[in-house]
Amino acid sequence: MKMVKYLIATACLVMAAYHAFAQAYPKAIIKGDYADPSILRDGNDFYMTHSAFVYSPGFLIWHSTDLVNWKPLTRTMTKVKGSAYAPDLVKHCDKYYIYYPASGTNWVIWADNIMGPWSNPIDLKVKNIDPGHVVGEDGMRYLFLSKGIMVELTDDGLATVGEPINVYGGWKYPKEWITECFCLESPKLTFKDGYYYMTSAQGGTAGPATSHMVVSARSKSVKGPWENSPYNPIVHTYSADENWWSKGHGTLVDDPNGNWWIVYHAYEKGAYTLGRQTLIDPIEWTEDGWYRLDKNRQPLKADAGFSGMELSDDFSTGKLGLQWTTWGSYGKGDIELENNSLYLKGKGDSPGYGRQLLLTVPDRNYQIKTEVNLENGGTGGLILFYRETAFAGVTTDGETITIYNEAKEVSKLTSKYGKHVFLKIINQKDICTIQISNDGLQWDTIKDYLDVSGLHHNNYRGFYALRAGLVATGSATVQFNDFKYTAGVLAPKPAFRDPVFDGAADPIVIWNAIEKKWWMFYTNRRATETQLPGVSWVFKTPIGIAESEDGANWKYVGNANFPNLPAEAGGDSATLWAPDIVYGDDGQWHMFLSIQAGIAERWGKVPGYIAHLTSLNLRDWKYMYRFNLPIGSYDADVIKMPNGVWRMYYKDPNNHASIFYYLESQNLKEWSEPKLVMSIKGEGPAVFKWKNYYWMILCDGKGFTTLRSVNAEKWDKQPGGPLMPEGSGIGKDDVATARHGDVVISNGRAYFYYFTHPGQVGEDTKKDGFEQRRSSIQVVELKLKDGWIIANRNIPTLVQLDNPE
């Protein structure tokens, strides 16, 4: 498996500390519209909630044990009173409380258990916003509010005592700073080493990129006087060139190991429609008792298999999933789940005032699709919803299809699809394509280039985000089946063609921690050299490199450099095939390369073996040694086992056999004697751990033989024939047999990169011209069905390769 959490190579560790810090932090720990985070540590557990606004049910509570991997736990409130936002989640005397403003006053709900049941909202009858709870030095409970206001609470925390008083005036930032307003708000209180620390927000929460900030002040008493920190602002966006805009609304939290952190929100540059996302930065304490950002903290590492919140829903559980909310409250009978279907009772005469069932979108690139049954009448569809006057989407009543953008009707089409249809919206960085289908397999595009980038707060106010979901209008109930949300960038077909030799083959994909991009290494066959006789065009091949920010769109960046290859490797006439690369514990990248020591017009005329090379930059490679294996061994594939031991799988084809072995090593230098794996037809083993199994995918010339194992020792062959069998492809450049691939795991999803010879089909199979020689790289997402791998190379592939750091 080539998907490894690479750290920065040894040569890169000499970079400036601030540069390294800037690469690692801030880190988005919950993506999408999760604004105004309030975080609570309860022993070894962390809980966090965010602004609910008008969505119901509100105040989703998340749980984590490591601050980076978060799972949704429960929703606390169904009775919506206005827009509920800027909560403070606290624990006091074994009870949990959420304080929040809504409808011109402040409220509290409470529970004995974090899972609830939670109380109905209790009106505290005090104005201002953004409450922050604290226990003072006198043992009394207090609530801090915007504008530096403080009010005393009763012992049970469910009412206020006396009149509010002003105790803090904020921090005076430079007049030349471009902000939205002074807006002193979001006071969150922390007690440490005899001081109360107030963490506040200023500058306004949206508007210009440089508006928001986090400031700090401290006092021996909750009533003041409060002294501003010399390190203000603690968090701030200084330039629109930064990746995160309007950073602010912070809360401090410590972990069980004594480390301190600040959690806050920000808009991602160019992604206002996603709303304000939850970020984290490390905090350090100075000798004189102030806190500031820690420039030297190691990056938090997310679990590569972690998936966060599941957004798809087949409606089989019989209850509404935690991913769903409505716009405003809903009543009994408005939403029902029965027999694996969702029934949404319509209302209103347009999607803006219809019945919406919405989810928070965490990705800039995604698609949503569903099945709609209108046999009982009504109008239903898919929607991207900001607010009543700002939305986009598609609806149908079985006779007419209506497409909307920014709440305006874009077009009406006469429907030929009837009352049972499948709908899809593909959103790629706010440019949408709308499709419709009779069967969910063959899709017709009814609208493309629909721009939704303007559907955000700066245009429509409200501090919401563009949410995706279902909508029903009219008086009838609309039936929905199998809502699917898939994140990722739509990969072109083919995914990549080499611009020099047009012979890209044997791809492997790894994370380049220096460039902060994905790199594809591939055998660069010389398909354009049509004058070369026999098979010599596949000899003297370089190793090409392409790069990508998303794993879907690739561009050529040159060849890997192999200076001074020894004579045993063919010197300047070396043939380089099928690389595999891993990042070692020694701070170097290690390549395991199949080498043919020369050029030949026929197969089997040049000796071949596997070589080990190293690099500090992934560009320039140093030849280390050849493996002492039988001549002709090739196609090395290296993975790291759970015990830290490296394992190299390879093929030995001697005596016309097809036998696979592996070697083991503690350090990628000294290797064990070969151990037999199996004798089976195939080559190019791709070995990886995924979904509780080890998997091996072999190119067998007719597709891919697939095997699985619980321990990577005893392998069981997948029944039903090869994966993506010969003759199964129909896509551009993907009709020919799929060959030699690599699997990349990212956030629990598996992507298979492979190559084809597009011209080697039909009556042209035996020809040997440019069309038969050229090759293309394709990508498909692997799925599991009944415990085995499936892959449909003919459906569009959405690739979501996240930064593994």
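How much space lies in the largest cavity? The answer comes in point 3, after a short tour of the chain.

1. A word on the model. This is a predicted model, in which local features need pLDDT of at least 70 and side-chain atom pairs count only at pLDDT 80 or more, while totals for chains, interfaces and linings use all residues. Residues are numbered from 1 along each chain as its sequence is written, and side-chain values use heavy atoms, with hydrogens and water left out.

2. The chain as a whole. Buried residues (under 20% relative accessible area; exposed is over 50%, partly exposed in between, with a 1.4 Å probe and protein chains only) make up 60% of the 805. Of the contacts (heavy atoms within 4.5 Å) between residues at least 6 apart in sequence, 56% join residues at least 24 apart.

3. The largest cavity. Its space is about 140 Å³. Ser51, Ala52, Leu60, Arg75 and Arg467 are the closest to its centre among the 14 lining residues. Strand 5 (residues 58-64) gives the largest share of that lining, 3 residues. On a 1 Å grid over the protein atoms alone, a cavity is a set of points where a 1.4 Å probe fits but cannot get out, whereas a pocket is an open set with protein on both sides within 12 Å along at least five of seven lines; lining residues have an atom within 4 Å of a point. Grid points are joined across faces, edges and corners, and a volume is the space filled by probe spheres set on them.

4. The second largest pocket. Here the space is about 1,100 Å³. Its lining has 37 residues, with Arg525, Trp577, Trp603, Tyr634 and Glu683 nearest the centre. Strand 43 (575-583), strand 47 (634-640) and strand 55 (739-746) each give two or more residues to this lining.

5. Cys432 lies in strand 34 (residues 431-437) and is buried, at 2% relative accessible area. Beyond its neighbours within four places in sequence, Cys432 is in contact with residues including Leu384, Lys447 and Tyr449. Trp285, in strand 22 (residues 276-285), is partly exposed at 21%. With the neighbours within four places again set aside, the contacts of Trp285 include Trp260 and Trp290.

6. Backbone details to look at. Tyr25 and Pro26 are joined by a cis peptide bond with omega about 0°, and Pro26 sits in the loop between helix 1 (17-24) and strand 1 (27-30). The bond from Gly116 to Pro117 is also cis, with omega near 10°. Ser246 is not a glycine, yet has a positive phi of about 55°; this serine belongs to strand 20 (residues 244-254) and is buried at 0% relative accessibility. Phe463 has a positive phi too, near 65°, but is found in the loop between helix 2 (457-460) and strand 36 (467-473) and is partly exposed at 27%.

Definitions and conventions: Helices (H or I, at least four residues) and strands (E, at least two) are DSSP runs, numbered from the N terminus.
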